[in-house]
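Let's take a walk through this structure together. Have the sequence and the 3D view open, and follow along one stop at a time.

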Amino acid sequence: MKIEKITLTHLKMPLVSHFETSFGRIYARDSILITLYAEGIIGYGECVADRDPGYAYETTGTAWHILKDFILPSIHGKDIKDPADFRARVANIKGHEMAKAGVEMAVWDLLGKKEQKSLQSLFGGGKPKVAVGVSVGLQDTPADLLKVIEDYLADGYGRVKLKIKPGRDVGDVSAAREAYPDLKLQVDANSAYTLESAKAIQPLDDLDLLLIEQPLAEDDLWDHHLLQKKFKTPLCLDESIISVRHARQAIEMDASRIINIKAGRVGGLSEALAIHDLCYTANVPVWCGGMLETGVGRAANLALASLKNFALPGDISATDRYYAQDITNERFSLNSDSTINVPTAPGLGITIDEKAVKKFNLKKYTL
Ligand code: OSB
Ligand code: MG
């Protein structure tokens, strides 16, 4: 597939409601849409780096730089056979996994369209629909939180994840557990604690949570190992798992009894598939994380989550949980059993609403 032309579009899309985590609150989501033109086929990919370096060091700004100055020149005018070929060509670029993952997604989309196969069938995923939940941001008060949860449950979500941070943890989560004794509930700290300050969240261990996500620093597997000794609730790493190697080491260390897989965080869907396979062999359940993706990244997440070892509901909510207007013509909706259907058309299985792309466009680059 000869890559004849490439465009980058920096988008900024308003969220239907603000999203607050331990690293801050956002009202709109920045992202980069990557478009590859190859022999009459168009492939789309989404770079999930955010405007600010709160979740990870990458931002839309750093990704733009790495894409424009390093990744795109290494594929422009070249015949890229498949995602593995793409990965080999950018292997000498350290880090910047989200920048790489955005282009790799577009290569998968091209490959699927060329072979007339959906991403799901290229991946060997079997499920026609996948179990999903909703990630609930920090709210101003516990009463607001209960109201937000009530609304999501009314929408049909069967699993809820609550964001926590120091001072807004045991109180909020206990209130949710009291109101909903049987709810599938989990929490995500986005690395807001240390081994010392995590003593405050010990009471979470008695709230029957599915898992506790990324309590400690992203570069610290060992302290997660030490913390897991104190909890019967499984710890689940997100930020810390940036490759299949990190996944293996976290499992060997008993630092992560469940793994959150995000293609963007690990450099692409191929690495995500490798982590899935490793965890399957090691008997470690995985689930698909989310990054408030547009319809482009959401389609990729659904294909990924259709693989057999995605044993827990993913952070893949319906389009209307995030965006009143999306950049795909397709909108993903929630089925009554808290599932979303996996796209079946070739590649990602989505089409782009060019008018919406223009509307949300902050900056464009063509090579
Ligand atoms: O830590 O899982 C996270 C969103 C942006 C960055 C990091 C995270 C999240 C979410 C939202 O929790 C998941 C989603 O619904 O897309
Ligand atoms: Mg997380």
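Two residues are in contact here when they have heavy atoms within 4.5 Å of each other. Helices (H or I, at least four residues) and strands (E, at least two) are DSSP runs, numbered from the N terminus.

Before we start, some ground rules: this is a predicted model, where local features need pLDDT of at least 70 and side-chain atom pairs count only at pLDDT 80 or more, while totals for chains, interfaces and linings use all residues. Residues are numbered from 1 along each chain as its sequence is written, chains are lettered from A and ligands numbered from 1 in the order in which they are written, and side-chain values use heavy atoms, with hydrogens and water left out.

Our first stop is a pair of helices. Pro142, Leu145, Leu146 and Ile149 in H5 touch Asp172, Ala175, Ala176 and Ala179 in H6. Sort those residues by class and you get seven nonpolar, no polar and one charged. (Ala, Val, Leu, Ile, Met, Phe, Trp, Tyr, Cys and Pro count as nonpolar, Asp, Glu, Lys and Arg as charged, and the others, Gly among them, as polar.) The axes of H5 (residues 142-155) and H6 (residues 170-179) come within 10 Å and cross at roughly 45°. Those axes are lines fitted to C-alpha atoms, for helices over the stretch in contact, and the angles run from 0 to 180 degrees between N-to-C directions. So H5 is oblique to H6; angles under 35 degrees count as roughly parallel, over 145 as roughly antiparallel, 65 to 115 as roughly perpendicular and the rest as oblique.

Now try another pair. How do H3 and H9 cross? The axes of H3 (residues 97-115) and H9 (residues 269-281) come within 8 Å and cross at roughly 90°, so H3 is roughly perpendicular to H9. Here Glu104, Met105 and Trp108 in H3 meet Leu269, Ser270 and Leu273 in H9. That contact divides into four nonpolar residues, one polar and one charged.

Next, look for the metal. Which residues coordinate the magnesium ion (ligand 2)? Asp188 (OD), Glu213 (OE) and Asp238 (OD) do, at 2.1 to 2.3 Å. Donors are N, O and S atoms within 2.8 Å of the metal (3.2 Å for Na, K and Ca), and water is not among the atoms, so sites may look incomplete. Along the chain, the donors follow the spacing D-x24-E-x24-D. Asp188 sits in strand E7 (residues 184-188), and Asp238 in the loop between strand E9 (235-237) and helix H8 (244-252), so this pair, 50 residues apart, links distant parts of the chain. Asp188 is buried, with a relative accessible area of 1%, and Asp238 is buried too, at 0%. Buried means under 20% relative accessible area, exposed over 50%, partly exposed in between (1.4 Å probe, protein chains only).

Glu196, in the loop between E7 and strand E8 (212-213), counts as exposed because its relative accessibility is 55%. Helix H10 (residues 295-305) is mostly covered: eleven of its eleven residues are buried, including Arg298 and Asn301.

Finally, check some backbone angles. Most residues other than glycine have a negative phi. Leu292, though, has a positive phi of about 55°. Leu292 lies in the loop between strand E11 (286-288) and H10, and counts as buried at 11% relative accessibility. Glu39 has a positive phi as well, near 50°, and is found in the loop between strand E2 (24-38) and strand E3 (41-47).
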